Amino acid sequence: MERNSNFSPSSSQEGLDAKPLRSLTPMFPAPFGFNAYTQSATPPFVCVSPFAQFPGNPSFQPLAAGVLNSNGVTFAGVSDSNGPINATPISAAYRANVHSLDDEDEEEEEEEEEDEPVFTRKSSKSGRKIKRSHLGGSDGLDGTKIKRVKPVRKIFDKSLLLLPSSSNHPRETVEMVLSTFDALRRRLLQLDELEDINRRPDLRAGAIMMTNEFRANMGKRIGSIPGVEIGDIFYFRIEMCVVGLHAPSMAGIDYMTARFDHQEEPVAVCIVSSGGYENADDDVDVLVYSGQGGNNRYEEKHDQKLERGNLALEKSTYRKNEIRVVRSAKDPNCQTGKIYIYDGLYKIQDAWKEKSKSGFNVFKYKLLREPGQRDGIAVWKMTQKWIENPSLRGRVILPDLSSGIENIPVCLVNEVDHEKGPSHFTYVTKVRYSKPISSMKPSQGCRCLSVCLPGDRNCSCAQVNGGDLPYSSLGLIASRRNMIYECSDSCQCSYNCRNRVTQKGIRLHFEVFRTRNRGWGLRSWDPIRAGSFICEYTGEVIDESKVDLDDDDDDYLFQTACPGEKTLRWNYGAELAEEPSGTFSTDTYNPLPIMVSARNMGNVARFMNHSCSPNVFWQPVQHDHSDDGHPHIMFFAMKHIPPMTELTYDYGVSGKERGSGGVSRRAKRCLCGSPACRGSFG
DNA sequence: GTAACGTCAACAAC
DNA sequence: CGTTGTTGACGTTA
């Protein structure tokens, strides 16, 4: 269906004439390399580019029903049985001013009473990015409600925010923003943990991202968000802010003022369903959503008012514009609970008012999922059922590929063709060394009682890891590094110590599945949060000296070839958490002599395919000896991975291409399909 | 249970 | 009128 067919020159003209309802602020200079790149005139996903091409330009294909208007903001020219609607966003054009595009010297004009040079534009958009005033209702002449607000750090070295080769693909941009956010958040959390405090690393990381305009899809729009795909999962509300999916950091309803013919009206553009009012039934295409307000914790409950988000939803009921829906679910792997899933576009079918349990009026909106979209929450509900009862999974060849030796069964399925399974191999959960472990350098144990804790200077395991424990309290890896030393049998700490993660084995419900063109692959029924341990690469460890030519055709050989920049720079962004003087070493590729062959024996890892845009990376880990030449190869999630998404890692650049003294293997043609595909691997 | 928090739109003030 | 400054609402997170 061509949803933009009713786009006409006149409507774009309207866009030009649209007067913002609120102040305009200079968009440029783009203070950051990154920003300069997101705002270059070409990519359609940019926030707001004053020079965005006219929608008529055929080179310009938005992903969905959105079209950039002259303010660079998308809107949907919605057409349905109720007739066409021309909506031009107005209020969201808040940064459409143009002058200073080429005026790079303006970068440093604002100092905010700080000594530091500042690389952001004036923070006048809200006027409250940095505030040091008294807050609150302050009837307090006695100063009861005075709050000091720390300024959000701005970054001086813009090169910190530049990847060597940034892609212009919206998906890549969104992933880069999320990955930077998470690296920053992880580091802030790690620093907090040293002092045993919690200063909301998520919010602080988000604030740094926002202040530095390191974000994607600024400027609101109706319809889908370039680079955000149905099924994408988020672990923090702020993550949805920085990619432009849902602007309010707290409120559940995101809305904007749009122009319909000659009327200006607020319409809802995105809602986050917190789950409190989820339908009990299984209809994944219907959502009944409650309006906002009326139950503030600090005041009496009252009737909801038809204003703000509620008003916007009301208007959207009649305008029938597409509304993005984010549903929430319980994350079974994370005791803190909630996870957000982008479920695509809906339209409001019905709206009414009803009495809540406490007797006050609540607005209700019934939303119907637009047809023709790929499954979002439906995948989730399906996999949750399989986890509860694996026999519900159809097309199963083998219920447990590991024959019971893994913590959790590994399902083998084929929904594609008639292959009956991979060729024979022996499933093993541990690597086989060519020499006994007892002959290797033993680990040095810590003397921590009970569990190792961050900030404990006496913990030798923390010391050997560079002062920080490598995992968060949830068992997520904090940063990629040359080696991680877990606690071992020689340690006095207990099995529950947080520095024992990979040694406990897999925690995910894996399935080995038949891909369409890449043989067998690996995916998970569970959602996987960035930094989660996935599995080890088990098999037979081969010393480099013992490689023979036979290995040239070993498709199941792991070697530590140099991975792509996405893997290398997974920590990217963490340095933003440091004080300016701080030295944060970014570890890079460190070649290891180790190779592991999973041809004859191995585990789920041998089924992981290569991708140039991987979602998994490898990390050397020690836990049963400390011979650094023979580490365990452990895999961790690079990003949040929705259920049923194939797990892939970067096999690295082939030995030949590398031209180093490495083992030379034939490069294979890459089928990863990523926009950043290098064309070959291995 | 509760403290602390960021963003945006709306409003207020220049 | 155009622009800048201030505030309340929103709900999340640990």
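The dialogue below turns to aromatic pairs and to charges over rings.

Mentor: This is a predicted model, in which local features need pLDDT of at least 70 and side-chain atom pairs count only at pLDDT 80 or more, while totals for chains, interfaces and linings use all residues. Residues are numbered from 1 along each chain as its sequence is written, chains are lettered from A and ligands numbered from 1 in the order in which they are written, and side-chain values use heavy atoms, with hydrogens and water left out.

Trainee: How many aromatic pairs does the structure hold?

Mentor: Rings of Phe, Tyr and Trp (its six-membered ring) pair if their centres lie within 6.5 Å, and planes under 30 degrees apart count as stacked, over 60 as edge-to-face and the rest as tilted. The structure holds 16 such pairs; one of them, Y537 with F635, is tilted, at 6.2 Å centre to centre and 55 degrees between the planes.

Trainee: Are Y537 and F635 buried or exposed?

Mentor: Buried means under 20% relative accessible area, exposed over 50% and partly exposed in between, with a 1.4 Å probe and protein chains only. Both Y537 and F635 are buried.

Trainee: Why is the pair of F558 and Y649 called tilted?

Mentor: Their ring centres are 6.1 Å apart and their planes stand at 35 degrees, so the pair is tilted.

Trainee: Which ring has the charged end of R480 over it?

Mentor: A charge sits over a ring if NZ of Lys or CZ of Arg is within 6 Å of the ring centre and within 35 degrees of the ring normal. The charged end of R480 sits over W618, 5.1 Å from the ring centre, and K220 lies over the face of Y255, at 5.9 Å from the ring centre.
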